[in-house]
Amino acid sequence: MSLLSASLLGIDFANPLLNASGVWCRDKAELDALNASAAGSFITKSCTLVPRAGNPEPRYYATPLGSINSMGLPNEGYPYYLDYARHHDYRAKPLFMSVAGLSLADNLAMLAAIRAADLPAIVELNLSCPNVPGKPQIAYDFAAMTEMLEAVSLEYARPFGVKMPPYFDIAHFDEAAAILNRFPHVTFVTCINSIGNALIIDPETESVVIKPKEGFGGIGGDYVLPTALANVNAFYRRCPGKQIIGCGGVSTGEHVFMHLLAGASLVQVGSALYEEGPAIFARLNAELSALLERKGYASIESVRGKLRTL
Ligand code: DHB
């Protein structure tokens, strides 16, 4: 038990940090680098039933305030990540698998295989991929989300999490949380995926900066921190039986601390990891430790959800 010890689903983590799915986790070399880093755990790239090359490049672009991407689910296909999970040493650190089927049937097929493998890997079901042309986000269609969770809860009757998009209206927080609360196997909620379908324009070239979808893509980084904190706190308040993983806008230890105050049990790093590489985890842990010590906190547990209102 150390200052940064964290816990999710009764599993111990050396610290609350991991990558946001999609960043530094597409192949074995990247995953091994996360395993060797100071991250407390790590997660694989969202996988589909069969491998995908993804959208045409350029499909990621960084600005001083964050990033935009429309990757289009490039991945090696679920058997690749399941094989990685089979060979992972879980005593070293916990491993999550992100699953993002293009249909309900695809998700059920992948989850049946993951279930049959009977591994300690923790599933994060992605309900919020914004970048596949012609495929709306499941979590912005509450009927589709309900149908998905009903079917998945039957096929995969063990604890799993859901990766949610940002919501921007209290009525949507209420409705999404009420749906999640109907599903006891949904034991954690990851907030947020990128803010979808934004547009970054380069005034010099008078052009979009990524090729897919006429330049539209999901944004992350500083652009999204307040939206991420709002979503973490909204679901933390509404889902008392579930844990929250915070994601969005984290590039300093202070940002991690804000996610913990809002209610996060673990915190994912996306854009900043893309820019800085896996060495970022040692820096964030050091910054978070120094901040907790300065403020007199003896554990991250004692910070979680302690956000004060006025
Ligand atoms: C992709 C982007 C996402 O935000 C996501 O959740 C899944 C996949 C992508 O474009 O690859």
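In helix 3, the buried residues (under 20% relative accessible area, with a 1.4 Å probe and protein chains only) are Asp 106, Asn 107, Met 110, Leu 111, Ala 113, Ile 114 and Ala 117. Viewed down the axis of helix 3, these residues fall within an arc of 160°, so they line one face of the helix; the arc is that of the directions from the helix axis to the C-beta atoms. Ala 105 and Ala 116, on the other side of helix 3, are exposed, a term that denotes over 50%.

This is a predicted model, in which local features need pLDDT of at least 70 and side-chain atom pairs count only at pLDDT 80 or more, while totals for chains, interfaces and linings use all residues. Residues are numbered from 1 along each chain as its sequence is written, and side-chain values use heavy atoms, leaving out hydrogens and water.

## Helix 3: span and surroundings

Helix 3 comprises 14 residues (104-117) and reaches 20 Å from its first C-alpha to its last, close to the 20 Å expected at 1.5 Å a residue; the expected span is 1.5 Å times one less than the number of residues. Helices (H or I, at least four residues) and strands (E, at least two) are DSSP runs numbered from the N terminus.

The buried residues of helix 3 pack against helix 2 (78-87), strand 7 (95-99), strand 8 (122-126) and helix 4 (142-155). Asp 118, with a positive phi near 55°, follows helix 3.

## Asn 131

Asn 131 lies in the loop between strand 8 and helix 4 and counts as buried at 4% relative accessibility. Its side chain is joined to that of Asn 69 by a polar contact of 2.9 Å. A polar contact is a pair of N or O atoms within 3.5 Å; within protein, one must be able to donate a hydrogen and the other to accept it, and residues adjacent in sequence count only if both atoms are side-chain atoms.

Not counting residues up to four places away in sequence, Asn 131 touches (heavy atoms within 4.5 Å) several residues, including Asn 55, Ser 70, Lys 213 and Gly 218.
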